[in-house]
Amino acid sequence: MPWKSFKLNDGRHIPGIGFGSAGHLEDDTPGVIDMAIEVGFGHIDTAQMYRNEAGVGAALAHTDTPRSHLWVTTKWSGYASIPQSIDESLEKLKLDYVDLYLIHNDRITGGDIEGTWKEMEKVYKDGKAKSIGVSNYTIDDLKRVLKIAKVKPVVNQILLHPTVYHSTKPLLEFMAEHDILAEGYSPLKPLRDGTAPGLVKVVERIAEEKGCKPEGVLMAWSKAKGVLPITTSSNKDRAAGYIAAGGIELSKEDVLRIDEAGKKAADVQERRGKMLAMGKGIGACVAVLYMGWRVLA
């Protein structure tokens, strides 16, 4: 497998790419996970919120791949207490433990980030999760955890692709300083949502130069940034292509071209957002003036 593993701050090694189950319906999940494992994914990511842990568990139950060769991540999404949630997740997944258990976001802690992390440490101590971490946490959130943590978060799973890279860079630098791995979800979003045509052109140009697909270039960009990408697909050929992308190497110049195009796309989106907000504000003022005129008339 061309994707190299990452060494976590607790000494364990995590596969360098993950297959996410978000967006897959419960009934479809077993087949999708079977396919992912077949093409070479050894890292499966799910969550309480996805409502498909039982489907993931069904696939894991009959795969020929040994449990020791699979890395399974799930997340506490706040639907019940952490002690209850981890037990329910393990039952659905048909596992004695998960390799990684994450807090899905800071909002579900109800503001008690410190107390919530202590409950996660209890899950770790009980052996129900071999590693623990967070998702969608800010620098301030991480500072609060690190101040009281006896067990550091090993990862922070965040939205990451070239369009958001510039604004996310301070968080990435803070995480690197504290040896917290960045897992990046939606790494291919710029190719899907049509909001960054300039970036897409740059990526397509590099893909043509490398003799690969644009998806492979963005996956290789994540790797070049030291980020573990979490991606997904129901298409076997496309999923296999994500595994193959581990062998794509970008030059420093390639990475810089993508960074610059991502920053330009972000700037354009920001200006559009401000113009839209301004337009709404002007529209509201016109409506108020019009209503005032009607009253006076």
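## Annotated residue

Tyrosine 50 sits in the loop that runs between strand E4 (43-45) and helix H2 (53-62). The model examined here is predicted. In the UniProt record, an unreviewed entry, the annotation "active site" covers Tyr50.

Apart from neighbours within four places in sequence, tyrosine 50 is in contact with Ser21, Ala22, Asp45, Lys75 and His104.

## Largest pocket

The largest pocket holds about 350 Å³ of space. Its lining consists of 19 residues, of which Ala22, Tyr185, Ser186, Ile230 and Thr232 are the closest to the pocket centre. Two or more lining residues come from each of helix H7 (189-193) and strand E10 (228-231). By class, the lining of the largest pocket has seven nonpolar, nine polar and three charged residues.

## Second largest pocket

About 190 Å³ of space lies in the second largest pocket. The residues that line the second largest pocket are Cys212, Lys213, Glu215, Gly216, Asn235, Asp237, Arg238, Gly241, Tyr242, Ala244, Ala245 and Ile248. Helix H9 (214-224) and helix H10 (236-244) are the elements that give two or more residues to this lining.

H10 supplies the largest share of the lining of the second largest pocket, with five residues. The lining of the second largest pocket divides into five nonpolar, three polar and four charged residues.

Technical notes:
Residues numbered from 1 in each chain as written. Predicted model: local features only at pLDDT ≥ 70, side-chain atom pairs only at ≥ 80, totals over all residues. Heavy atoms only, no water. 1 Å grid on protein atoms, 1.4 Å probe; cavity = no way out; pocket = protein on both sides within 12 Å on 5 of 7 lines; lining within 4 Å. Points joined across faces, edges and corners; volume = space filled by probe spheres on them. Helix = DSSP H or I, 4+ residues; strand = E, 2+ residues; numbered from the N terminus. Nonpolar A, V, L, I, M, F, W, Y, C, P; charged D, E, K, R; others polar. UniProt positions renumbered as here; feature names shortened; annotations may be inferred. Contact = heavy atoms within 4.5 Å.
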